[in-house]
Structure formats: structure tokens, C-alpha cells
Amino acid sequence: AIPARASAPVAATTSPTLISEGRPATASVRGNLGPATVVTSSVVDDWLKDRWQAASNMQGTPIKGGHWVEVDLQRRCQISRATVDWETAFASDYVLLGKGKGSDGGESEVRLAEGQSASTTSSKQHVVHALEVEGGARGSWVSVVRLDIRKPATR
């Protein structure tokens, strides 16, 4: 389950702001719980329905293969950090990508961060990964953020 949140400075002199709230989201699979759009909602009325999960049943049996969740930010942003709020069955083998228009007008993609570099905090039902954008990607303008899950986990 991954409510993913992206934050970025709106301008160089302002503090980071949540930019993914309410934005459209899609995923590689529907899974057995909520649609991908739950990852951009701050509403958490029902712990089971207010999360996205690439599982085929309520026991958490993973749907085979790698999976992704993509958030359309609907504008160009410079991402400085991202937070991925997992349930206790979480993946650490993932990469956060940014997509946008390059200086030549064509599509470009940049690796923003990897799961292995996340700082982690845990609570009863959540594992939160805080990701800082990697050095080479800082300052990149993106309009789409994609979380590519290389290997799901059930813990």
C-alpha cells in the first residue's frame, strides 16, 4: 500500500509544499483495494480502502511482476523530496522517477531517488520512507512522478 506524496518548492525562496494532493494517479494494476488515485488523497476514512496494493487478495498475495504508480502533477515542478507511506508489508527495492519535457521539447526522464536511500520511520501499521532527491536530479523540472517497484515485499 503506498500513499505517495511529493513535495517541491514552488519558488526558490518558499518552503516545500505538498504538490501531489488531489492529482490524477494511475498504476500498473488495480489490485484488490483502492484505485491508484488514493495515493494522492489525504482522506483516510477506511484503512483498507484508502490505500493502493498490488495484491490479488486480502491475504496480500502479490500480483506477479514489477509494478508502478504514477502521479501527474499537472504542472512543471522541481522536486526536492518525496514521502512514501507504506503499510508494514512494504518494498525497499524501488526507484522514484521524474518525467518532463526536455530543453529540446522531447520527453525526458530522470532518476530522483531510490528506496535503499530512504530514511525510515515506523508505526503500528505504517512504514514511512522519506526520500531526498539525488544530487544529479536536483533542479530538474518534472510534471510526472513515477514510483517503480522492482520487487514487492510481504512482511
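Glu134 counts as partly exposed, with a relative accessibility of 22%; buried means under 20% relative accessible area, exposed over 50%, and partly exposed in between (1.4 Å probe, protein chains only). The model shown is predicted, so local features need pLDDT of at least 70 and side-chain atom pairs count only at pLDDT 80 or more, while totals for chains, interfaces and linings use all residues. Residues are numbered from 1 along each chain as its sequence is written, and side-chain values use heavy atoms, leaving out hydrogens and water.

**View 1. Welcome to the whole chain, with its 10 strands and zero helices.** Helices (H or I, at least four residues) and strands (E, at least two) are DSSP runs, numbered from the N terminus. Of the 155 residues, 39% are buried. Among contacts (heavy atoms within 4.5 Å) with a separation of 6 or more, 65% are between residues 24 or more positions apart.

**View 2. Here is the largest nonpolar core, with 31 residues.** Such a core is a set of buried Ala, Val, Leu, Ile, Met, Phe, Trp, Tyr and Cys residues joined through side-chain atoms within 4.5 Å. Look for Trp52, Ile79 and Trp86, the residues with the most contacts inside this core. Elements giving two or more residues to the core include strand 4 (67–78), strand 6 (93–101) and strand 10 (141–151).

**View 3. Pro35 sits in the loop between strand 3 and strand 4.** Pro35 is partly exposed, at 35% relative accessible area. Leaving aside residues up to four places away in sequence, Pro35 touches Arg30 and Trp52. Pro35 and Trp52 are 17 residues apart along the chain, and their C-alpha atoms are separated by 6.1 Å.

**View 4. Lys99 and Glu70 form a salt bridge, with their closest N and O atoms 3.1 Å apart.** Lys99 lies in strand 6 and Glu70 in strand 4, so the pair ties together parts 29 residues apart in sequence. Glu70 is buried, at 17% relative accessible area. A salt bridge here is a side-chain nitrogen of Lys or Arg within 4 Å of a carboxyl oxygen of Asp or Glu, and the structure holds seven.

**View 5. Meet a network of salt bridges that links Asp93, Arg111, Glu114, Glu134 and Arg150.** Arg111 pairs with Glu114 at 2.8 Å, N to O. Arg111 also forms a salt bridge with Glu134, the closest N and O atoms being 2.9 Å apart. Arg111 is partly exposed at 42% relative accessibility, whereas Glu114 is buried at 17%.
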